[in-house]
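Hi there,

Here is the structure I promised to pass on. My notes on the charged side chains and the helix packing follow below it.

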Amino acid sequence: MNKSTDWLPRTRDARLAMARSWLLELQTQAARWNIPASFVQDLTAKANAADDLLVQDKSAERTKTISAQCKEAFDTLVASMRDLKRHYYLSPSLSSADFISLGLKPQDHTSTAQEAPTC
């Protein structure tokens, strides 16, 4: 049973879809969230490169070189997505509605009451 708590989807298609949804949201929210336009442009370029290589990787012309380039493109895209979340989404923290619009779970600030342990 997988108990992964990572917020990032596991498949490349799902990761690319999340990046695309973030880019759509950033078209209107980047200025409000203080995200530099250069960062958004960089993420767009990385998503486009990953998308192009994923199409090639799924095609009949797939080679080991294309697969390696695709892996590298997705590693770069994921690193940028993690950086974006860490530096712009969490500090200062966005609202719960903003997290939901990005496909992320809102932060839970409510402590769960626990009973005292019994022996």
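Arg82 is partly exposed, because its relative accessible area is 27%, where buried means under 20%, exposed over 50% and partly exposed in between (1.4 Å probe, protein chains only). Its partner is Asp6: the two form a salt bridge, with the closest N and O atoms 2.8 Å apart. The rule for a salt bridge is a side-chain nitrogen of Lys or Arg within 4 Å of a carboxyl oxygen of Asp or Glu. Asp6 sits in the segment before H1 and Arg82 in helix H3, so this pair links distant parts of the chain, 76 residues apart. Helices here are DSSP runs (H or I, at least four residues), numbered from the N terminus. Asp6 is also partly exposed, at 35% relative accessibility.

Before going on, a word on the ground rules. This is a predicted model, in which local features need pLDDT of at least 70 and side-chain atom pairs count only at pLDDT 80 or more, while totals for chains, interfaces and linings use all residues. Residues are numbered from 1 along each chain as its sequence is written, and side-chain values use heavy atoms, with hydrogens and water left out.

Now for other salt bridges. By the rule above the count comes to eight. One of them joins Arg12 and Asp57, at 3.4 Å from N to O. Arg12 belongs to helix H1 and Asp57 to helix H2, so the pair ties together parts that are 45 residues apart in sequence. Arg12 is partly exposed, with a relative accessible area of 29%, whereas Asp57 counts as buried at 10%.

Another salt bridge pairs Arg32 with Asp98, and here the closest N and O atoms are 3.0 Å apart. This one also links distant parts of the chain: Arg32 is in the loop between H1 and H2 and Asp98 in helix H4 (residues 96-101), 66 residues apart. Arg32 is exposed at 51% relative accessibility, and Asp98 is buried at 10%. Salt bridges that share partners also join Arg12, Asp57 and Arg62 into one network.

Which charged residue is buried yet has no salt bridge? That is Lys85, whose nearest side chain of opposite charge, Asp6, is 6.8 Å away. For charge, Lys and Arg count as positive and Asp and Glu as negative; His and the chain ends are not counted. Lys85 is found in helix H3 (residues 64-89). Leaving aside its neighbours within four places in sequence, Lys85 is in contact (heavy atoms within 4.5 Å) with Trp7, Trp22, Leu90 and Leu104.

On to the packing around H3. Helix H1 (residues 12-29) packs against H3 at an angle of about 45 degrees, with their axes 11 Å apart. Axes are lines fitted to C-alpha atoms, for helices over the stretch in contact, and angles run from 0 to 180 degrees between N-to-C directions. H1 is therefore oblique to H3, given that angles under 35 degrees count as roughly parallel, over 145 as roughly antiparallel, 65 to 115 as roughly perpendicular and the rest as oblique. Residues that meet across this pair include Trp22 and Leu26 in H1, and Phe74 and Lys85 in H3.

Helix H2 (residues 37-58) and H3 have axes 9 Å apart and an angle of about 150 degrees, which means that H2 is roughly antiparallel to H3.

Best wishes

Definitions and conventions: Helices (H or I, at least four residues) and strands (E, at least two) are DSSP runs, numbered from the N terminus.
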